Structures are given as structure tokens and as C-alpha cells.
Amino acid sequence: MGGHSKIQIPDYKIYRVEDVPELMKVKEALAKKGLKDPWLRNEVWRYHPSFGGSKMNNLKIIFGRGFKAGVALTAASIALEYAYAAAFPSDDHHGHHAEHH
């Protein structure tokens, strides 16, 4: 879809989970349950400042991905629901579809 450039992901070996407090919380929570994530180190680069590792930039990335499409699909779903309700009115006056068993 859009004009996103491909991000060059650096080699995971140059980073340490211990350098990222958020990932250390994940590592410790898993350890309490006797679990380990061998790929957790692969995510450390995302928190590095050279890759926009600030919390604000991470929020922008999270809400940027698919957010517009999600809003559009939600609006379309609501519009279809209203169109369906108008085309097939039910006896239910509370705005919900009547259930038939």
C-alpha cells in the first residue's frame, strides 16, 4: 500500500535485552513462569534512539499502522449496520436486532 521505505533491521547480536527496561520486564515476567523468549533480543533495536526508540515515536508507529484503514472499516461497518436496520426494520425498539431461536 503506502509509500513506506523498507527499514534496515540491524544485527540483533549488537544489542542486549538488559539495555531496555521494557524488555527486561518482559524477560523477568516470563522467567517467573519458567519461560524464556530466545527471540526477545531481536526486538531491542526498536527501542534504540537511532530507530525512533522514544515512547512517543513508538506510539506513532503503533497507531500509524492500519489506523486509517481501521477507522474507515469501522465507519463502513456502522453505515452497513444502519442501512441493514433501515432496510429490515424489526419489532425491537431498542435498536438491537431481534433474536430468533
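Trainee: Which residues does V44 touch, leaving out those up to four places away in sequence?

Mentor: V44 touches Y15, R16, V17, V20 and L23. Contact means heavy atoms within 4.5 Å. This is a predicted model, in which local features need pLDDT of at least 70 and side-chain atom pairs pLDDT 80 or more, while totals for chains, interfaces and linings use all residues. Residues are numbered from 1 along each chain as its sequence is written, and side-chain values use heavy atoms, without hydrogens and water.

Trainee: What makes up the largest nonpolar core?

Mentor: V44 belongs to this core of 8 residues, together with Y15, V17, V20, L23, M24, L40 and W45. The name rests on a rule: buried Ala, Val, Leu, Ile, Met, Phe, Trp, Tyr and Cys residues, joined through side-chain atoms within 4.5 Å, form a nonpolar core. Buried means under 20% relative accessible area, exposed means over 50%, and partly exposed lies in between (1.4 Å probe, protein chains only). In soluble globular proteins, nonpolar side chains tend to be buried together. Here, buried residues make up 12% of the 101 residues in the protein.

Trainee: Why is the pair of D19 and R16 called a salt bridge?

Mentor: A salt bridge needs a side-chain nitrogen of Lys or Arg within 4 Å of a carboxyl oxygen of Asp or Glu. The N to O distance between R16 and D19 is 3.6 Å, so the pair qualifies. E18 and K27 also qualify, because their closest N and O atoms are 2.9 Å apart. The whole structure has 2 salt bridges.

Trainee: Why is the pair of Y84 and F88 described as tilted?

Mentor: Rings of Phe, Tyr and Trp (its six-membered ring) pair if their centres lie within 6.5 Å; planes under 30 degrees apart are stacked, over 60 edge-to-face, and the rest tilted. The count comes to 1 aromatic pair. The ring centres of Y84 and F88 are 5.0 Å apart and their planes stand at 45°, so the pair is tilted. Y84 is partly exposed at 44%, whereas F88 is exposed at 54%.

Trainee: What makes the nonpolar surface patch?

Mentor: M56, L59, F63, F67 and V71 make a patch of about 520 Å². Patch residues have over 30% relative accessible area and no salt bridge; nonpolar side chains (Val, Leu, Ile, Met, Phe, Trp, Tyr) are joined within 5 Å, and like charges within 9 Å. V71, at 48%, is partly exposed, so V71 passes the area cut-off. Areas come from the Shrake-Rupley method with a 1.4 Å probe, and for residues only the protein chains shown count as cover.

Trainee: Which helices supply at least two residues each to the patch?

Mentor: These are α2 (55-64) and α3 (67-87). The largest share, 3 residues, comes from α2, and V71 lies in α3. Helices (H or I, at least four residues) and strands (E, at least two) are DSSP runs numbered from the N terminus. The protein has 3 helices and 0 strands.
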